[in-house]
Amino acid sequence: PGVYDDVLKGFYTLEKGSSFNLSQKAQRRIDVRLMAPNKPQPSVVGTQDDGYFQIGVVGVKTEGNIGTLWRSAYQMGAAGIFMIGHRFAHTAPDITIAYSKIPLVEYPAWNDFARSAPYSATWVAVEMGGEPLETFEHPKRAVYILGSEDNGLPGSVVKACHKTVSLPSVRYPSFNVAVAGSIIMYDRLAKQARAQLADGSPEG
């Protein structure tokens with residue numbers, strides 16, 4: 001509950017165990033107002049029934065980055081993640097519950113991925129020199145492809161993709177691969193939420 005004190009001239013929170021001395025000779029008015037506790041608001045982002053996305057890395061060098069990307073992908077609604085030609089030995093890191101929720105697919109080389117890519121999905125290269133993320137319109141069915149921590153995406157992969165998107169930055173326009181992937185997925189989620197609000201429906 002909240003308490004209004006005419007001496008303090010305002011409401012403040014009545015803590016558990018608070019007491020008042022009502023035997024004082026000076027008059028003092030105290031009003032008690034019941035206030036609903038602050039509750040976290042549910043996300044306004046509904047499910048996307050007519051689309052999906054996957055995200056993956058070509059030549060990823062660090063297993064920890066895949067673990068981070070996996071967790072972010074699960075949190076933001078990805079259908080799955082993938083690696084193409086990774087360069088590390090598995091050490092079974094703790095990736096919380098993401099492995100039990102969305103799959104990780106490993107492709108030995110780019111051609112293996114190309115033969116197995118989802119039907120009718122748009123390949124989106126995440127690389128410098130593309131369309132700025134601020135104006136980028138995410139395809140309903142998308143496969144986001146990131147480059148390795150040290151080499152980025154090969155030019156042949158960028159050319160094979162249908163679209164290229166670049167991340168904004170104040171200084172050097174290069175990000176940790178897990179951070180870059182998380183930014184892309186968050187932007188997709190945020191724009192989806194705005195579109196749902198504009199339509200007046202949280203269901204998408």
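Guide: Welcome! Buried means under 20% relative accessible area, exposed over 50%, and partly exposed in between, using a 1.4 Å probe and protein chains only. This is a predicted model, where local features need pLDDT of at least 70, side-chain atom pairs count only at pLDDT 80 or more, and totals for chains, interfaces and linings use all residues. Residues are numbered from 1 along each chain as its sequence is written, and side-chain values use heavy atoms, leaving out hydrogens and water.

Visitor: How many of the six residues of strand 8 are buried?

Guide: Strands (E, at least two residues) and helices (H or I, at least four) are DSSP runs, numbered from the N terminus. Strand 8 covers residues 141-146. It is largely enclosed by the rest of the structure, because the number of its residues that are buried is five.

Visitor: Which residue in strand 8 is the bridge partner of Val 57?

Guide: Two strands pair if DSSP finds at least two bridges between them. Strand 4 (residues 52-58) and strand 8 pair in the parallel sense, with six bridges. Along this pairing, Ile 55 stands opposite Tyr 144. For Val 57, the partner in strand 8 is Leu 146.

Visitor: And which residue in strand 8 is the bridge partner of Ala 125?

Guide: Strand 7 (residues 122-132) runs parallel to strand 8, and five bridges join them. The partner of Ala 125 in strand 8 is Ile 145.

Visitor: In strand 5, what is the bridge partner of Gln 54?

Guide: Strand 4, which has five of its seven residues buried, is joined to strand 5 (residues 80-84) by five bridges, and the two run parallel. In strand 5, Gln 54 has as its bridge partner Gly 80.
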